[in-house]
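Work through these exercises with the sequence and the 3D structure in view. Try each task before you read its solution.

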Amino acid sequence: MSVSPALREKYEAVIGLEVHVQLATRTKIFCACPTGFGAQPNTNVCPVCLGMPGALPVLNKRVVEMAVQAATALNCTVREESIFARKNYFYPDLPKGYQISQYDKPVAEHGFIDIVLPSGDHKRIGVTRAHLEDDAGKSIHDGFRDSDKYTYVDLNRTGTPLIEIVSEPDLRSADEAYAYLTELKLLMQYCDVSTCDMEKGHLRCDANVSVRLRGAPQFGTKAEVKNLNSFRFLKQAIDYEIDRQIELIEGGGRVIQETRLYNPDSGETVSMRSKEAAHDYRYFPEPDLLPLRIGTAWMSEIRGGMPELHPVKRARFITDYGLREYDADVLIQTREMSAYFEEAARVGGDGRTAANWVMGDLAGALKADSKEITESPVSAARLGELIKLIGSGAISGKLAKDIFAKMWTSEDSPEAIMDREGLRQISDTSAIEKILDEVLAANPKQVEQYKGGKTAVAGFLVGQVMKASRGQANPGMVQEMLKAKLS
Ligand SMILES: [Zn+2]
């Protein structure tokens, strides 16, 4: 389904995102069960997270610290007092029969995220609120011999801490939603509260989508689209949903408030159920938990321990290392890459060269081996040592590439490889002069051309010297000496 550009122009999409971020604590939010991924089903459970009668929840302190960090990254106000509430619903993977969430007094509210649009323009997107809640278990619909008849339930995830971040309906296109989620993910990764690994469900996103005639004062009726478990699906599902609603309205129909599920195979959203209103959940304050109070002293202690966020890091890379904006943008795309770059730049003493290596040869080698930067056989410090050798003139850029290739398969330092392979750059004047003289004697025609004014031929002669020296002659010196000899 795809409506004409004219129809798209006639309408305006209004989108808000609800993003669930799994907090990277070692234990669950209200009990001491581990949160690890991949354990045998139903082994990381206890009476509290199984909802046994009489078992009482105890709030994990680390969760509160992470919530304050996340709230700070989202420019939110942290409430001095927030209240946990029961959200009641029945579902097989929810053993308690309710989820412990926050309702009218969430831990954080009134924030914003600044995004960069594909056009390069900046836009500020409001963050309505961020609240804490526990996760449900997992229903497993396939993978078993009798999966056609039964659904299995794994409760290991039950009670895993989540922070749900709700945006204002400020987004106007799938591209804006994509940019918002990208930025949100980076903020959560940099403030170290979540891995945001979408494949493992550590970042989950629902989108509220409506359309209205461009310029209309009121919002249209929204549909909530679920199951957007990749950035690509988010974009596809929103685009599909916008077109679906426009077609529906143009055809004389009307959008109903409902929950829809995105099906990545068909690329369509399908109706799942009519949307519950808040009162369907019969929210009431959780009687087993005290109000959460975060005093100013604790708050400033947590904020004082905040890691550097990527917008600050980006600006610092430009001023401290003289990087171009584009390079800084690329290097902050993951926290691991920015840390790797900074270590290589520090050891190598040259930020620009380090940036070129990280984005060029290193990225290429990692890609070829399908490795993450954290698995790089060449550590940041080792790459820094290589950069130092280039800077000192011990090796040329060309030799550095050869040494780098050898570093990939050995643990030796670049200096050891350089000495072992006899790859040290020749910067000795008499040694270079000897090779240069031989090259000039062997190429009288090019020497005549050069003297006749065709100085472009110098490139060829330098190339011959480099070749004769097996790439080891210092190219800068060769150029200088060639010029001096022929003028
Ligand atoms: Zn437990």
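**Exercise 1.** Is alanine 354 buried or exposed?

*Solution.* First, know the source: this is a predicted model, where local features need pLDDT of at least 70, side-chain atom pairs count only at pLDDT 80 or more, and totals for chains, interfaces and linings use all residues. Residues are numbered from 1 along each chain as its sequence is written.

Step 1: take the rule. A residue is buried if 20 or more other C-beta atoms lie within 10 Å of its own, exposed if 12 or fewer, and partly exposed in between; C-beta atoms are placed from the backbone.
Step 2: count. Alanine 354 has 28 C-beta neighbours inside 10 Å, so it counts as buried.
Step 3: Alanine 354 sits in helix 9, residues 351–368. Helices (H or I, at least four residues) and strands (E, at least two) are DSSP runs, numbered from the N terminus.

**Exercise 2.** Which residues is alanine 354 in contact with, leaving aside its neighbours within four places in sequence?

*Solution.* Step 1: two residues are in contact if their C-beta atoms, placed from the backbone, lie within 7 Å.
Step 1: list the partners. They are Phe341, Ala344, Ala345, Gly348 and Ile387.
Step 2: Glycine 126 is 228 residues from alanine 354 in sequence, and their C-alpha atoms are 37 Å apart.

**Exercise 3.** Describe the chain as a whole.

*Solution.* Step 1: count the elements. The protein chain holds 16 helices and 16 strands.
Step 1: check the radius of gyration, taken over C-alpha atoms. The protein chain has 30 Å, whereas a compact globule of 487 residues would be near 23 Å. The globule rule is 2.2 Å times the number of residues to the power 0.38.
Step 2: read the spans. The C-alpha trace covers about 95 × 55 × 55 Å along its principal axes.
Step 3: divide the chain. Domain 1 is 5–297, domain 2 is 308–420 and domain 3 is 429–486. These bounds come from an automatic or database domain assignment. The centres of domain 1 and domain 2, over C-alpha atoms, are 37 Å apart.

**Exercise 4.** Which members of the largest nonpolar core touch the most other members?

*Solution.* Step 1: a nonpolar core is a set of buried Ala, Val, Leu, Ile, Met, Phe, Trp, Tyr and Cys residues joined through C-beta atoms within 7 Å.
Step 1: name them. Among its 69 residues, they are Ala67, Ala70, Leu74 and Ala207.
Step 2: find the main contributor. Helix 3 (residues 174–190) gives the most to this core, 10 residues.
Step 3: look elsewhere. Apart from this core lies another, of 31 residues, including Tyr321 and Met418.

**Exercise 5.** Where is asparagine 75 found?

*Solution.* Step 1: locate it. Asparagine 75 lies in the loop between helix 2 (61–73) and strand 2 (77–78).
Step 1: read phi. Asparagine 75 is not glycine, yet its phi is positive, near 60°.
Step 2: count. Asparagine 75 has 16 other C-beta atoms within 10 Å, so it is partly exposed.
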